[in-house]
Every structure is written in structure tokens, then in C-alpha cells.
Amino acid sequence: VGDMHVFGVVAMGIPGEVAVMSDRESKDRLGNLAYALAAIKATVRAPNSAYTLTLDGREVHSNGVICVILNQGPGLAHLKEPVDGSDGLLDVMIFRDESVLTVTKAATNVLLRNENVVPVEHWQAREVQVVSYPPQAVQADGEVLPAGSVTARVLHHAVRFIVPGTA
């Protein structure tokens, strides 16, 4: 994403607003409750934005309150085709629900492991650009980025993990 490397998730909309509102002062004062309060505020005021996505050069248009770009993330959304961190592709999801129940539905999606709870569109690409109008807040692994647009590309096999063998 730009000049930075992101391991987890790039998100626009409600998650971006949560990152903006959960500043150091509120986290020091309220701890994890700062995130919950920010999520409630962000959900109530979430605009339904028009997204223009460029996926490996192909332009797609959609609308929603959350756009997520990730390369790993079991548990974030249980999709019919799960996110595979080893496939060399970024997964792009737009949560289309225009109501304030989107976050509740997404949480239910995770808890019930039911891919049909949240209205979500899902694409895959090696390089992704997303522009939102009106501009939505953007966060990458919790770091606030400039609002309105983000470009990301996958660095396939950039990280290797060493895990202990079985006993």
C-alpha cells in the first residue's frame, strides 16, 4: 500500500472511521472500550459510498459502507471461497448493506460461520485500486491513511513463517 507493507487488512468506511476515532488519547483513557464506542459512532454515521475498483486493470463499480482488501484473514468473513494467503491474490470485499446493522451482521457472520448473513461482493486480483465517493476513511493494519482512495498490490511469497514440527 503506497510505500508501506501491510500484513493484515486495508479497510475503508466503518473500519477506517474506527481507526480515526480510536486515537491514542481515547485508547489510553478507555482501553479496548475505545474501539467499541468508535465502532458504534462510525456505524451510525456510515455513508453509503460509490466505489470505483480497478482490479488488475479491469474497472468495476459498486456501492457500500465497508471495503476490505486482504491477503489473509480467517474469521473475518466466512465466504464460500475462503481467503487463501498463499494464492498470490488480494481478496477485495464490499459490504453492501446500507443500514446501520452492517457491523452487527458482519459479527454474526463470523460467529455463526454463515457466508450468507452479510450482503458482500468478493473479487480477487494481484493489484487493486479503490476510490470512494464520498471519500471514506482508510486504515491499514490500524494505521490511518489519507481518505478517499487506496492502491495495494500483493507481494507473493514475501514472508516466510517457521513453525515448530509436530511432537
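Which residue of E6 does Phe95 stand opposite? Phe95 stands opposite Val120 in E6. The legends below set this pair in its surroundings.

The model is predicted, so local features need pLDDT of at least 70 and side-chain atom pairs count only at pLDDT 80 or more, while totals for chains, interfaces and linings use all residues. Residues are numbered from 1 along each chain as its sequence is written, and side-chain values use heavy atoms, with hydrogens and water left out.

**View 1. The whole protein has four helices and 10 strands.** Helices (H or I, at least four residues) and strands (E, at least two) are DSSP runs, numbered from the N terminus. Along the sequence the pattern reads β-α-α-α-β-β-β-β-α-β-β-β-β-β. Of the 167 residues, 38% are buried. Buried means under 20% relative accessible area, exposed over 50%, and partly exposed in between (1.4 Å probe, protein chains only). Contact means heavy atoms within 4.5 Å. Among contacts between residues at least 6 apart in sequence, 67% join residues at least 24 apart.

**View 2. Six strands form an open sheet in the order E6-E5-E4-E1-E8-E9.** The pairing is antiparallel. Two strands pair if DSSP finds at least two bridges between them. Strand E6 (120-125) and strand E9 (143-145) are the edge strands, each pairing on one side only. Neighbouring strands of this sheet are turned by 20° against each other on average, direction ignored. Axes here are lines fitted to C-alpha atoms, for helices over the stretch in contact, and angles run from 0 to 180 degrees between N-to-C directions.

**View 3. Strand E5 (residues 90-95) is largely enclosed by the rest of the structure.** Six of its six residues are buried. Leu90, Val92 and Ile94 point one way from E5. Asp91, Met93 and Phe95 point the other way. In a regular strand the side chains alternate between the two faces of the sheet. E5 runs antiparallel to E6, joined by six bridges. E5 also pairs with E4 in the antiparallel sense, over five bridges. Phe95 in E5 has Ile66 opposite, and Phe95 also stands opposite Val120 in E6.

**View 4. Strand E1 (residues 9-13) runs antiparallel to strand E4 (residues 66-70).** Five bridges join the two strands. Ile69 in E4 is the bridge partner of Val10. Helix H1 (residues 14-21) packs on the sheet. H1 touches E1, E4, strand E8 (138-140) and E9. The direction of H1 makes about 95° with that of E1.

**View 5. H1 crosses helix H3 (residues 33-44).** The two axes come within 8 Å and cross at roughly 130°. That makes H1 oblique to H3. Angles under 35 degrees count as roughly parallel, over 145 as roughly antiparallel, 65 to 115 as roughly perpendicular and the rest as oblique. H1 passes H3 in a right-handed crossing. A crossing is right-handed if the near helix is turned clockwise from the far one by less than a right angle, and left-handed if anticlockwise. From H1, the contact is made by Ile14, Glu17, Val18 and Met21. From H3, it is made by Tyr35, Ala38, Ala39, Lys41, Ala42 and Thr43.

**View 6. Gln139 is found in strand E8.** Is Gln139 buried or exposed? Gln139 counts as buried because its relative accessibility is 10%. A polar atom of its side chain lies 3.3 Å from the backbone nitrogen of Asp141. Not counting residues up to four places away in sequence, Gln139 touches Val9, Val10, Ala11, Pro15, Gly16, Ala19, Val144 and Leu145.

**View 7. Four strands form an open sheet in the order E3-E2-E7-E10.** The pairing is antiparallel. Strand E3 (58-64) and strand E10 (149-153) stand at the edges, each with a single partner strand, so one side of each is left without a neighbour in the sheet. The twist averages 15° from one strand to the next. Five bridges join E7 to E10. Val131 has Ser149 in E10 as its bridge partner.

**View 8. Pro134 lies in the loop between strand E7 (127-133) and E8.** Pro134 counts as partly exposed, at 34% relative accessibility. Leaving aside neighbours within four places in sequence, Pro134 is in contact with Pro47, Asn48 and Ser49. The C-alpha atoms of Pro134 and Gly148 are separated by 7.4 Å. Along the chain, Pro134 and Gly148 are 14 residues apart.

Terms used
Polar contact = N/O pair within 3.5 Å; in protein donor to acceptor, adjacent residues only side chain to side chain.
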